[in-house]
Structures are given as structure tokens and as C-alpha cells.
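Q: I would like to learn how to read side-chain features in a model. Please show me the structure, then take the features in turn.

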Amino acid sequence: MKILFLKEKRSESGIEGTASYLFNVCKELNKLNIEYLVLYNDEDQFFKKMIDNSINVQLYKFPPNSPKNLFKTSKIRKAQNDIYNIVQREQITHINVHFPYLLQFVKNEWRLPIIAHWHGAFEKNKPLKHVYFKDLLNLRAILNSIYRKNKLFNFDKADLVICAGEAAKNTAVEKFLVDEHKISLNMYGAPEKKIDKVKNIREELKIDDAQKVIISVGRETKAKGVEDFCKVAKKLSDKNYKFLYLGGYRDENYHNYLVKKYGKYVEFLGMKINVDEYYKVADLMLFLSHRESAPTVLFEAMAFSLPMISWNTVGVNELIVNNYNGYSCPLKDIEYVVEKVSLVLDDRGVYHKLSKNSCKDFKNKYNFSLHVKKLINSFIKISWNEND
């Protein structure tokens, strides 16, 4: 077996949830001595991280994700030919794409199993249409809809679609009309950590012995819940708590607005490569993103035995069970979140129970080695004989 992974840049640094997921997969494959090659389209921080960690990666500039691809057929064919030459040269046996738009650049005629990942989930899952009535007089909007339906979210070429949970599966089936028989459910998880080997940075962060640390990890956007996190921090400013927000930003003006309005209550630490060091000093993961599927940061939090508090949204509520490993709160009810944060951090009995169960779930269900073994088994089961 030799797997070709196709991965495109999804953020300024390249380091985001799906990138971290693929990085972890490759690290596990290195341990298992399973051959692979990653094609990636930018020499960014993520590319450097892969190189520095002995990930077998090669730079390849995919045609940009754009409705213009509907007309640039010669560029699509060139990309297909380039990738096929790589498939032949590297003796690839399986192709795995990490966003469906990349399926444009592979062909079923190559007679290799094609596996796609669907990482996301939506609350509402109305099927995509080629044309929407409201757009009948807007040619650009019509082209965007046609592209989304036929290229961007078209899974027809995939022999198998890996979904990270029921919410992701529901979106794939209902919104993108993926054949349910093609879908394999496989929660991602996170690699196990040698926590005693992780550097303790409490002193560097000027955290006193009695202070409790609440963290969140994600891009600084409203959709990721950064303002919700800040509002909770402000309401709990009389407590001996320290609120840390880790994540990059695309909008400098929005970042400056957050710092000006909430900098007194929250430390905005930006993108961190050494995120494990922050999990180690944390007491609670407060993850208030408005829409997710199976966020990597929650699996990572469980690896450090952290209780978790989130909004009760699809995907996330598959991981957090009330009064077991954390609390799922009614969306936008800041007061309810404030109450639960105080309960978890001020009641030692509650904290111990949630922390213990968070660790238990990680070891029994979300340890990354279990995920990769299931992933590889699903790859092995696919053959062209089954699809002829």
C-alpha cells in the first residue's frame, strides 16, 4: 500500500484543524511503516512543519479553488496528467483527498480507490441546487451555484467518504447527496501525549498557584466564538481565573477591536505551534464555536484530561456529554456558560469527575492510533473489483 494524500492550503499559515489531522495521520503512518506521499500547494508554516517532522511531502500548485475552473478545462487536464504521472512514478495504490474540490484533479479511469474526507457539518442541510430562484438575474451567483454543485462539493468520484461523526455524515448525505453506502464513520481523535515530558509554562505565563486557567483554541472569528469566550471572561473577571485564547486571525481590524474591548479580560496569544504546553497548564477547555464537526482541539483537550464546555451544536454535542465530561450549553446563553464554568472550577468533586471521564473517553474511543488502524482497514477493503 502507498497512499497519495492531496491537501490544499486552508489558512494563512496552513496550520488548521484538517492540516493538523493529516499531519497526525502521517506521523502514525511513519510509525507503522506504511508508505505515503502528500501533495501540498504552498511553502507555508504547515509545509515547513511537515518537512521538519519527516513527513513525505511534495509541493504541487493545484489550480485555485474557483468557479473559473468550469471554463479552465486545459488547466484541469494538466493537473490530472501531472498527478497521474506522480501516481505512476510513486506506484500509488490509494488516493485520499482532504477537500472535495480536489476530486477535480483525479480520474476514476486510473482504476485506483479514491477516498475523500468530509470534515464539516451544518445545522441545516438543504440539498445544493444548480440555480436558485433569487439568483436568476445574477450570472455570477448562478455560476457560483453551478460550481458548488458540480465541482466544489461533488463526491461522485469518491469510492469512499470518511466522515467524522453523525453530523458530518448527515451533511454529506442530505446536503451533498452522497450515497450513504459510500460513507464510513470514523471519529478522528488525537495522538496520545507524554504529559510529563511537556514543558510547564505556568511561570512564563505568570500564573499563580491558586489561579485557574481557561483556554480556547481557534481562529479569531465570530463563528469560532471568540467574542462569546470574551463575554464569559468579562463576567467572571472577579474570579481568580486566567482566560487564554490561542489562534491566528485574518482580519487585523477585528483583532485590534477584540484586544481593545476585551484585552483586560483575555490574553490573545495568536497562533501557537507548542499548543500542548498550554493544554498542560489549563484547567478547562471553553470551546464556544458556533459550527463544527469533530474539532481536533476537543480531542486534544481530552488527551490532557480537561473538562470541556461548549455550545450545544451539531458535531460538538457528539463529544461532550452533560455532567459526564463537560457541559453543552444552549447557544448564545452566556449566563448559562458562566454558571457552568464556575461550577466546574469551584467544585472539586465535579471537576475531578469530568476530568476523569474526559481522560477515559480519550483512551477508550479517541486515541489517534485507534482511528488510523480503522482508517487503514477501510482503505484495504476498497478494491476496484468491488466497484466494477
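Q: How many residues apart are K31 and E28 in helix α1, and what does that make in helical turns?
A: K31 and E28 are 3 residues apart in helix α1 (residues 17–32), so about one helical turn separates them. Helices (H or I, at least four residues) and strands (E, at least two) are DSSP runs, numbered from the N terminus. Before we go on, note that this is a predicted model: local features need pLDDT of at least 70, side-chain atom pairs count only at pLDDT 80 or more, and totals for chains, interfaces and linings use all residues. Residues are numbered from 1 along each chain as its sequence is written, and side-chain values use heavy atoms, with hydrogens and water left out.

Q: What joins the side chains of K31 and E28?
A: Side chains of opposite charge can pair when their charged atoms come close. Here K31 and E28 form a salt bridge, 3.8 Å from N to O. The term asks for a side-chain nitrogen of Lys or Arg within 4 Å of a carboxyl oxygen of Asp or Glu. The whole structure has 17 salt bridges.

Q: Are K31 and E28 buried or exposed?
A: Buried means under 20% relative accessible area, exposed over 50%, and partly exposed in between (1.4 Å probe, protein chains only). K31 is exposed at 62%. E28 is buried at 12%.

Q: Which residue forms a salt bridge with D52, and where do the two lie?
A: The partner is K48, with the closest N and O atoms 2.8 Å apart. Both residues sit in helix α2 (residues 45–52), 4 residues apart, about one turn of the helix. Both D52 and K48 are exposed.

Q: Which residues are linked with R89 in a network of salt bridges?
A: K2 and E90 are linked with R89 in that network. Between R89 and E90, the closest N and O atoms are 3.7 Å apart. E90 is partly exposed, at 22% relative accessibility.

Q: Where is H98, and what does its side chain touch?
A: H98 lies in the loop between β4 (94–97) and β5 (114–118). H98 is buried, with 3% relative accessible area. Its side chain makes a polar contact with the side chain of N96, at 3.3 Å. A polar contact is a pair of N or O atoms within 3.5 Å; within protein, one must be able to donate a hydrogen and the other to accept it, and residues adjacent in sequence count only if both atoms are side-chain atoms. Beyond its neighbours within four places in sequence, H98 has contacts (heavy atoms within 4.5 Å) that include F5, Y21 and H117.

Q: How many aromatic pairs does the whole structure hold?
A: A pair of aromatic rings is described by the distance of the centres and the angle of the planes. The search finds 21 pairs. One of them, W118 with F153, is edge-to-face: 5.9 Å between centres, 90° between planes. This pair links distant parts of the chain, 35 residues apart: W118 is in strand β5, F153 in the loop between α4 (139–152) and β6 (160–163). Rings of Phe, Tyr and Trp (its six-membered ring) pair if their centres lie within 6.5 Å; planes under 30 degrees apart count as stacked, over 60 as edge-to-face and the rest as tilted. W118 is buried at 5%, and F153 is buried at 9%.

Q: Which residues form one aromatic cluster with W118 and F153?
A: F99, F122, F155 and F176 complete that cluster.
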